[in-house]
Amino acid sequence: MLYKNATLATLDGNSPYGLVEKGAIWVKDDGVIGWVGEQKALPAELAKEEAIDLDGRLITPGLIDCHTHIVFGGNRAREFELRLQGASYEEIAKAGGGIVSTVTATRAASEDALLENALTRIDSLLAEGVTCIEIKSGYGLDLETELKMLRVARRIADERPVRIRTSFLGAHALPAEFKSRADHYIDEICIPTLHAAHKQGLVDAVDGFCENIAFSKEQIGRVFNAAKALGIPVKLHAEQLSRQGGTALAASYGALSVDHVEYAIAEDVMAMAKAGSVAVLLPGAFYALKETQKPPVDLFRAHTVPMALATDCNPGSSPVHSLLLIMNMGCTLFGLTPEEALRATTLHAAKALGLEKTGKLMKDWQGDLAIWDVRDPAELSYRIGFNPLFMRHFGGH
């Protein structure tokens, strides 16, 4: 497919957004970009091809939501009410709510029911130009349900035109049957389930939650050792509610990303920079939980740590189904620029998932595109509750 008369946000080069006015882009049948640049420089053989005239509309790489918990059962609207009445996230979790309540609903749901409900949330993201989504397990906390969640995540790519990356998050919370026995849970359930999921080809990365209401550095380290032995990359929820040292731990394993990171300090950021880890910022959870500790964006800039943005779509702390809204939140709440927000949901989000040649408009890179009925890339972060998607190009179609 050849698109002409377009404004291209290539995210390449030194100019803002890598912007190319009056540009053209050709995506081959295999879904890879075959040519991109100023339209006047089109090779003669391409200039004769049938093309779609975009009348100056903006083309960006397809958006990537690199941190979601989008497969789950039930909802937690009642907990939303409790938080409004003053209960904290930690208080709700310790009283048996939070993640554990979603575990009960997810265990009870059939695979088909989980898929049906997940697709409604997936469709909201695809309608905003998203072409790749990461999906975590972590609401099963037993072998059967964790595998069920990962199978559902894989099935989504058969039902919808989207790329799916799966993360095993067995170390998400402690199920009720293992109360006060976290070490036993890690050794008896989490690690054996990881081996089973890997054997079935269901795992692209291994994640964990290192927090005072979840798991310690030592416990996460045992999970990461198992992942390393299997050759699976890792990532981590860390420093969201307090500083537990998870960021440095993740960096020591060369983590793809460290996510949330509100309480990360300079030495954590330097460790991430050395490891090449991406900082995945999640303003939806920051907003929903009424947090006040912001991630150290200036430190990430100073140490050239790439920043990604994601919805963190989940039923409790971030019931967000709009990546465009998250781009706005990243700017208004965390101080990112609109250009940083676009890179955060394309190039840097791809890096957070270990995807190569994805997230830029460059020859021989992945040709998933979002085509917008705007001309200024800043509009994607500027508007609230507005979806300017004109067309979505996925996988050569």
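# Close-up views of a predicted model

**View 1. Helices α7 and α8 side by side.** The crossing of α7 and α8 is right-handed. Everything in these views comes from a predicted model. Helix α8 covers residues 217-230, and α7 packs against α8 at an angle of about 20°, with the two axes 10 Å apart. The cut-off for roughly parallel is under 35 degrees, and α7 and α8 are therefore roughly parallel to each other. On the α7 side, the contact is built from Ala182, Asp183, Ile186, Asp187, Cys190, Ile191, Leu194, His195 and His198. On the α8 side, look for Gln219, Arg222, Val223, Ala226, Ala227 and Leu230. Sorted by class, this α7 and α8 contact has nine nonpolar, three polar and three charged residues.

**View 2. The other partner of the pair: α6 against α7.** Helix α6 (residues 143-159) packs with helix α7 (residues 182-199) at an angle of about 40°, and their axes sit 10 Å apart. That angle makes α6 oblique to α7. The handedness of the α6 and α7 crossing is right-handed. From α6, the residues in the contact are Leu143, Glu146, Leu147 and Leu150, and they meet Ile189, Thr193, Ala196 and Ala197 of α7. The split by class for α6 with α7 is six nonpolar, one polar and one charged.

**View 3. Two cysteines, Cys190 and Cys210, with no bond between them.** How many disulfides does the count come to? The answer is zero. Cys190 is in no disulfide, and the nearest cysteine sulfur, that of Cys210, is 13 Å away. A disulfide would need the two sulfur atoms within 2.5 Å. Cys190 is buried, with a relative accessible area of 1%. Cys210 also counts as buried, at 1% relative accessibility. Cys190 is one of the α7 residues in the contact with α8.

View 4. Leu141 sits in the loop between β7 (130-136) and α6. Its phi is near 55°, a positive value in a residue other than glycine. Is Leu141 buried or exposed? Leu141 has 1% relative accessibility, so it counts as buried.

**View 5. Asp364, another non-glycine residue with positive phi.** Here the backbone phi of Asp364 is about 75°, positive although Asp364 is not a glycine. Asp364 belongs to the loop between α15 (347-352) and β14 (369-372). Asp364 counts as partly exposed, because its relative accessibility is 37%.

View 6. Ser167 is part of strand β8, which spans residues 163-171. With 1% relative accessibility, Ser167 counts as buried. Which residues does Ser167 touch, not counting residues up to four places away in sequence? They are Glu134, Ile135, Lys136, Ser137, Leu150, Ala205, Asp207 and Lys235.

View 7. Leu63 is found in strand β6 (residues 63-65). Leu63 has 0% relative accessibility, so it counts as buried. Thr345 is 282 residues from Leu63 in sequence, yet the two are 5.5 Å apart in space, C-alpha to C-alpha. Leaving aside neighbours within four places in sequence, the contacts of Leu63 include Glu128, Gly129, Val130, Thr131 and Cys132. Also among them are Leu323, Leu324, Met327, Leu342, Thr345, Thr346 and Trp372.

**View 8. Leu241 in the loop between β10 and α9.** Leu241 lies in the loop that runs between β10 (235-238) and α9 (246-252). Leu241 counts as buried, because its relative accessibility is 11%. What does Leu241 touch, not counting residues up to four places away in sequence? The set is Tyr89, Glu90, Glu211, Ile213, Tyr263 and Glu291. For Glu90, the separation from Leu241 is 151 residues in sequence and 8.9 Å in space, C-alpha to C-alpha.

Definitions and conventions
Residues numbered from 1 in each chain as written. Predicted model: local features only at pLDDT ≥ 70, side-chain atom pairs only at ≥ 80, totals over all residues. Heavy atoms only, no water. Axes fitted to C-alpha atoms, helices over the stretch in contact; angles between N-to-C directions. Helix = DSSP H or I, 4+ residues; strand = E, 2+ residues; numbered from the N terminus. Parallel < 35°, antiparallel > 145°, perpendicular 65-115°, else oblique. Left-handed = near helix turned anticlockwise from the far one by under 90°. Contact = heavy atoms within 4.5 Å. Nonpolar A, V, L, I, M, F, W, Y, C, P; charged D, E, K, R; others polar. Buried < 20%, exposed > 50% of the residue type's maximum accessible area, 1.4 Å probe, protein only.
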